Amino acid sequence: EAAKRVDKCADKRVSVIIVTFNGEKFIHNNLDTLANQTVAPGEIIIVDNVSTDGSLEKVEQTHPDVKIIRNKKNYHYARAVNIGVEAAQGDLVVILNQDLEMDERFIEKLVQRYDQEENKEKIAGVVPQMRFMKLRGFINGIGNFITEKDWGSDNYFCTLDIGQFDRLKYVGSACFGAIMVTKSGWEEVGPLDKKYKSYYEDADWSIRAHMTRM
């Protein structure tokens, strides 16, 4: 019955991409919270950068429906994300770090926010709120920014959430630790610049998104 319920509530437009590297202590909680979503994604794809901790073998045992792409070497985060998005079948692609746990309405809320927009052709991505794992009342980030001295940080870092962000409409840059991109936006903006490997690839992509879709 549970399997039928998830199937019935799945949104086939949504693909989830998780980049992993030796994430045995994280990935199972991540996948468990995805399995408990009020709206299930149409597919979940793990892109692995040559893990050696046995995490993928456990995923195959506990979450057999998850698709796994095993890279031949560690391509780092940006290129691994590109590989995952290229393989995704959905029109809405949720990109996640391996060490996240999602609220049960995470997918539902992202899709709901996207569906509210009248001019969907202008939407490149939807940015969720991220909180600290052990201090869940405090914001880890809602997108990010780069200062005039070229140092990046997360928006509203360490801010206590008392509902003041519930109607937030816009952030200047997305954090690719957690984001839902549109496939059409991705194709127009282009993939992440793999030269960044990790960090600042999201700010670069966001700037390009503004240039093409604003």
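Which strands does helix H2 (residues 24–35) lie across? The points below take this up along with the rest of the sheet.

1. This is a predicted model. Its open sheet has six strands, ordered S3-S2-S1-S4-S10-S5, with mixed pairing. Strand S3 (67–70) and strand S5 (125–126) are at the edges. Each has a single partner strand, so one side of each lacks a neighbour in the sheet.

2. Helix H2 lies across strand S1 (11–20), strand S2 (41–48) and S4. Its direction is at about 170° to S1. Together, S1, H2 and S2 form a right-handed β-α-β unit.

3. S1 and S2 run parallel and are joined by seven bridges. Val-16 stands opposite Ile-44 in S2. Seven of the eight residues of S2 are buried, so the strand is largely enclosed by the rest of the structure.

4. S2 also pairs with S3, in the parallel sense, over four bridges. Ile-45 has Lys-67 in S3 as its bridge partner. The chain passes from S2 through H3 to S3 in a right-handed β-α-β crossover. Helix H3 (residues 55–62) lies across S1, S2 and S3, at about 160° to S3.

5. Val-94 is opposite Met-180 in S10.

6. Helix H5 (residues 106–115) has Phe-106, Ile-107, Leu-110, Val-111 and Tyr-114 buried. These residues cover an arc of only 125° around the axis, so they sit on the same side of H5. Their cover includes S1, S4, S5 and S10.

Definitions and conventions
Residues numbered from 1 in each chain as written. Predicted model: local features only at pLDDT ≥ 70, side-chain atom pairs only at ≥ 80, totals over all residues. Heavy atoms only, no water. Pairing = 2+ DSSP bridges. Helix = DSSP H or I, 4+ residues; strand = E, 2+ residues; numbered from the N terminus. Contact = heavy atoms within 4.5 Å. Axes fitted to C-alpha atoms, helices over the stretch in contact; angles between N-to-C directions. Buried < 20%, exposed > 50% of the residue type's maximum accessible area, 1.4 Å probe, protein only. Arc of directions from axis to C-beta. Right-handed = clockwise from strand over helix to strand, strands pointing away.
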